[in-house]
Structures are given as C-alpha cells and as structure tokens.
Amino acid sequence: MATSTAQVPGPAAGHPPLPGTGAARPGEPPAVHDTLVGVALPALAVSPRHGQLTGTGLEGVYLHGRRLLARCVLRVAGREPVPLRGRADGAERAEFLGVVRGPGDLGPDPGLVVERTRDADGTERLAVRSSAPRPVRVPVELALGTDLADLGAVAAGRPGPELTAAVHGSGLRWTAPDGTAVSVLAEPAPSEALAAAGLLRWDAEPAPGAPFALTLRVRRERAGRTQAAGAGRPGGHLLADAVAEGDDPRVGPLLRACVADLRALLQRDPAHPADVHLAAGVPWRMGPVTAEALWAARMALPLGTRLAATTLHALARTQLTGPRPESGRVPGPLRDAGPLLPPRCTGVEATLAFPAVLAEARHWGLPERDLAELLPAAERCLDWLRGAADGTGFVPDPWPAGPARAETQAHAHRAAVLGADLLDACGRPGGEAWREWARALRGRFRERFWQDDPAGGRPLLALLPDGRPLPHLGGWAAHLLDTGLADAGRQAPGLLDKARTERLARLLAAPALDSGWGLRGLGEKEPGYSPFGHRSGAVRVHETAVAVAGLAAAGHEREAGTLLRGVLDAAEAFGLRLPEMYAGERRTPGAPPVPHPAACRPAAVAAAAGVHLLASVLGVRPDAPGRTVTLAPLRSSPLGELRLSGLVVAGEPFAARVGRLGLGMVEEAAPGLQLGV
C-alpha cells in the first residue's frame, strides 16, 4: 500500500484528537469496505453509510492527499438523524436519508426527513422536509472540524489533533502551522457561528412543500490562492460514453459504473499537465503513473485510444536513459507478491507492457502522430528486454537477480511478438529477430515451466535463482492465455501449445481456483493460501477478466462463461461497482461474496476489467490500419443478447451485438471499415 508521507500538523492548544481516530492501531490501515467513497481526483470524500463525518478512520474530504474536513456532524432539533439509507450516486457523490422526530411528533411517525448529498469535492447539500401541516421552527446545527492531516498519517492512525477554528465569512476557517488553510462556507449564512466549538447554527422553518435547504462548500487556501477541491479535473472526453444493453439487466449499470469510475480516477502529471493517466486506486494508490494504469488503459481501449496515448506518454517521460543495462527500463516501485515469492518490480511489468499496449492501440486506431512520438520509447523497451534475460534465457523479476516468474515471461513474450509487428508496420528493422526471440522463449518455457503429472500437468509459478521450481497454481496463470491482438484481428501466438492451453483451461475452471465469484490469486489447496491475501487467495477482478478474454479467444467458451457469470454476480453484490479484490471464500447458496477490508474501490484495473469482460463477449478485434474489424463472439451467449454501442474503433463510433444464438453483427462503424473473417 503506497501512501503519502507528509508530516502531520502539530498540536493546537485546547483541542483533543478528533473522535474515533484511535479505532485502528497505529500503523494499521483502517477498513474501507463499508464506506462510501466519492472520487473526482485529486479530490475524494470518504463517508460512513450513516453520513456523519466523525473523524473515524479515513472519514473526511481530501484534496491532493490532505484531509480538508474531518468532522461534519449534523443535528436537527437537537438530535442526530436516524440513518435509514446511505448509497453511492455515481462515482463522485454519496447520498443519505434519515429522519428526526420533531417537537410536535406525538405518535411513532417521525415528522422530519433529512436528505444529504456529499460530493467528492466536499460540497454538501442538505434538505430538511417537514410533514407538519404548518411551518415548524427547528434548530439545525453542524459541528465541523479538521486536522489538515496527510492521508498517510490518517491511514497510519496518527492524524494529529484538531486545529482551532476561526469565524470566516459565512462559515469557519482553519490554518495549519505550514500556512495551509481551509474554509467551509455555508449558503445561507448561519444565524450563529461559534469558533471555539466549530459550530454553525441555523433557525430553520421547514413548511409543507418548502424544505429548509443548505449548501456547504470546502475551499483550500495556499500561498494566497484559494482552490475549490474539484478544480483542475481532467476532461472526461478521454473515454467514450459507451452503452451496454441486453437480456441481462445488469450489463448497462455495470458499464456505466465502470466508465464513471475510470473518469473519476483520471489525474494529471503536475509537471506535464497534458499527461493524463489513471490513479491505480482509491484511497491507497493515487501516486505517479504505474503499470496498473497502463494495463487499465489497455483494457479500456474499446472506449478510445486517447487514454492509452496519454498514459504511454507519461511513462515514456520516466524511462531510464544512459548506458546499458538500465537504459530503456521504466522504473517502478516494488510490490508485495504474496508468501511464496519476493516483491515484484512494477517497473519491469510496465517496461514489458509498453510495446504491447502501443501495438494494440495502433490496431484500435491510435493516431499516426502519437504512434510516431511513442515508437522510440517502445524500441528502447525492446532494447532493454534483449539484454534483460538471465543465463537461463528468462527475464527475472525483480531485475536483475530475482526469480523468473511465469507471468513475467508471458509479458516478455507478448512484448516481443507484438513489438515485432509494430516494428514491421512502422518500417523499422528488427521484427524478424524478435519473432525468433519469441520462438526461442516459447521452446524454453514449454521445457522448463511445465510440470508434467498424470492429469496433464500444470505451469510453474516461477523458477528460483538457484533453479528450483515453484509449482503453485493461482490466478496469475490467466496471463499465459493473454497473447495479444495481432494484424487482421488475429490473436498472437502464446507461450502454450494447444494441449497445454486446454489443460490450463480445465485448471482455471476447477474449484481450487474458481471460487464461484472469480479466480483466486492462489489455489485454495496451495501452501500459503489465504482468502484475504491479495496475492495469495483473494479474487483480483482483473485477473478473472484476463482469463475470460483468453479462454474465449482460445475457444474454451464454457470455462469463460462460468467465470464471466461469477464476476457479474459478484459485481451485483457490490452494487455493480467492482472493487479491486474480494475474499476468495468459496461461493455458497444465499451468501454474498465477502469484501476485502482494504480493497480499493474504485480501482483502475477493476473498472477497466468490466469494460474488458463485456467487450470479450462480443470478441471485438479491430485492425484500424488494415481497415477491418473482426467479431469473434462467444457462441454460447452466456449473457443472452448483448449490444454495445458508443465504442470507438478507428476514431469513429462503433456498435455491435451478439444474439441469443451467438451470432455477431456490426451495427455502426467508421466509413470504409470492413468486417473481417
């Protein structure tokens, strides 16, 4: 988990720590699975389902990783509303409904209804409605507080004490020792503002048909400048407004939620504002561009190539230069790889993904200008790959002395195969040499990375530096089926032959890996398995999406359909807003999937996985330079009839459907785009 490391503001005289901040032990990340997170980066709001911000855990409104508002507690007629409903309303907003018994309520029915909405930028709208036959006068109070703490300090359970408020305009203002200030302004202005208590008070008179309405706005001030929490957002035009329709009523809301989450996670590189990329996930990973942002941009290619282009540009700026062997590698942090392997390097992953994503973006219609600008960086990635293999011929991760992981070899093979096509298409030398390199890697992999047994064998997880094999099976194996998109809508060759692919399909569909909700990161019979281990047993949504697409492309429709329906059922249990992961507990009748307490939601790869899953059902395989598009739909129609519109192929709107009998049809496409075979 990557968090910010800014210092927490020092103590302010006369104020204890915010209530509830001791709920998690210091250093222990607070649970977020049951919170409502509104996101419009760089702003986000983390709310409990009852709607009252109390400063507990991560609760609050944040901007650029700093908590602007930690406490916002509402009282009406001297009482906190009884919470009845709290839910997300899109990616950026949460809404809450509660009731209060008014002064004249004699029976069991509450006379006051309280409606609240809270946006990611901290804007809060409040309405108090009365069912009394005549206007009633009730006090409305908001108790506000903040510590202006860094998100990292809040996550570690060390946010610091509340700051002292001062009356400011129509609200309150707090100033941290470093000079950063935040104000909360109300409309209408309160009748009373008590700085010592952080309290704003109104004498409300809701009447039938005329509720008392109130709006709060949060502003940050730094170096004499005032900034609204939502200012400077990247435009949503990077991603198309795709629409899903069909027999399964869940597909439309799922796609809408996935696109909304992707848009909410867009953020700019501060040094290069034109470079827009996805944050890996909220609330934990909102830092610089990562391999996850690139994988997500790849899975979101049906929504247009612009996000892939800006993400590739952002990564290209970080690429190492200078003498070999580092030259051409994209740097990246180490990430936990579970109990069986040392941490992996996300930079190796990004380096190997770069040429493959550029090649596939070209097939979807990447403009020639972007291709020309990004091609040199892709060639440098391939140059690094040529020298990255160890004495066994495999690419270690972390490089240069880590284990050789099967997943890393799949990424390297895809980079070589698609990179060869890219070089040929751009008139650059080296394509045939890279095909030969890939053929040699296939031979080595089939010899060294496949463990035979009477049931047909299994792929190895990794080869350790001393040559010892690790045979443990998990969701990582899905990447062996992700061969990539080649010319004329063909699937590129993969590391496995037909027989081994068929065996892997059976393994992925077996109960040891398929939880019923998706693939476990590690099989439940493997040593080190934990249903909550993000690399050792939890269901990571994007791995299941990769498996569904790979199985579909290889013709294993039954296995693909089973995994697809499992993830869609899980998505429904999560309000059709896919989390980064959830527990790998076995599915049982009547029980929902178990959430992971630290999962990001939204998460870039999970949101993009929803797009990837639905596109895989249609099997859309474009070749924009060749002016063709191929449909290879799942003939079994696991979701019944499905229509996707508002996609983008060759820079133009694209729509297609698959019927209940498994027949695909293109309904809208760019002029001159032919249906491939």
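## A walk around a cavity, a pocket and some helices

By class, the residues lining the largest cavity are 10 nonpolar, five polar and eight charged. (Ala, Val, Leu, Ile, Met, Phe, Trp, Tyr, Cys and Pro count as nonpolar, Asp, Glu, Lys and Arg as charged, and the others, Gly among them, as polar.) Before you click on, know that this is a predicted model: local features need pLDDT of at least 70, side-chain atom pairs count only at pLDDT 80 or more, and totals for chains, interfaces and linings use all residues. Residues are numbered from 1 along each chain as its sequence is written, and side-chain values use heavy atoms, with hydrogens and water left out.

**Stop 1: the largest cavity**

Select Leu341, Glu407, Leu461, Trp476 and Arg535. Of the 23 residues that line the largest cavity, these five lie nearest its centre. How much volume does the largest cavity have? About 290 Å³. A search of the whole structure turns up four cavities of 30 Å³ or more.

What counts as a cavity? On a 1 Å grid over the protein atoms alone, it is a set of points where a 1.4 Å probe fits but cannot get out, whereas a pocket is an open set with protein on both sides within 12 Å along at least five of seven lines; lining residues have an atom within 4 Å of a point. Grid points are joined across faces, edges and corners, and a volume is the space filled by probe spheres set on the points.

Now colour helices α5 and α7, which each supply at least two residues of this lining. Helix α7 gives the most, with four residues. (Helices, H or I with at least four residues, and strands, E with at least two, are DSSP runs numbered from the N terminus.)

**Stop 2: α5 against α7**

Keep those two helices on screen: α5 is residues 346-364 and α7 is residues 406-425. Their axes come within 8 Å and cross at roughly 40 degrees. That makes α5 oblique to α7. Axes are lines fitted to C-alpha atoms, for helices over the stretch in contact, and angles run from 0 to 180 degrees between N-to-C directions. Angles under 35 degrees count as roughly parallel, over 145 as roughly antiparallel, 65 to 115 as roughly perpendicular and the rest as oblique.

The crossing of α5 and α7 is left-handed, a word used if the near helix is turned anticlockwise from the far one by less than a right angle (clockwise would be right-handed). To see the contact (heavy atoms within 4.5 Å), show side chains including Leu352, Pro355 and Ala359 of α5, and His411, Ala415 and Leu418 of α7. The residues of this contact divide into 11 nonpolar, two polar and five charged.

**Stop 3: α3 and its two neighbours**

The axes of α3 and α12 come within 8 Å and cross at roughly 15 degrees. These two helices are therefore roughly parallel to each other, and the crossing is left-handed. Select Glu292, Trp295, Ala296 and Met299 in α3, then look at what they meet in α12: Ala604, Val605, Ala608, Ala609, Val611 and His612.

The axes of α3 and α5 come within 9 Å and cross at roughly 25 degrees. So α3 and α5 are roughly parallel to each other, again with a left-handed crossing. On the α3 side, pick Ala291, Leu294, Trp295 and Arg298; among their partners in α5 are Ala353, Phe354 and Val357. This contact has seven nonpolar, one polar and three charged residues.

**Stop 4: the second largest pocket**

About 720 Å³ of space lies in the second largest pocket. Zoom to Arg298, Asp482, Ala549, His612 and Ser616, the closest to its centre of the 42 residues that line it. Helix α10 gives the most, with seven residues. The lining divides into 20 nonpolar, nine polar and 13 charged residues.

**Stop 5**

- Pro283 lies in the loop between β21 (272-278) and α3.
- Asp397 to Pro398: this bond is cis too, with omega near 5 degrees. Look for Pro398 in the loop between α6 (368-388) and β24 (404-405).
- Leu148: phi is positive, about 50 degrees, although this residue is not a glycine. Find Leu148 in the loop between β11 (138-145) and α1 (151-155).
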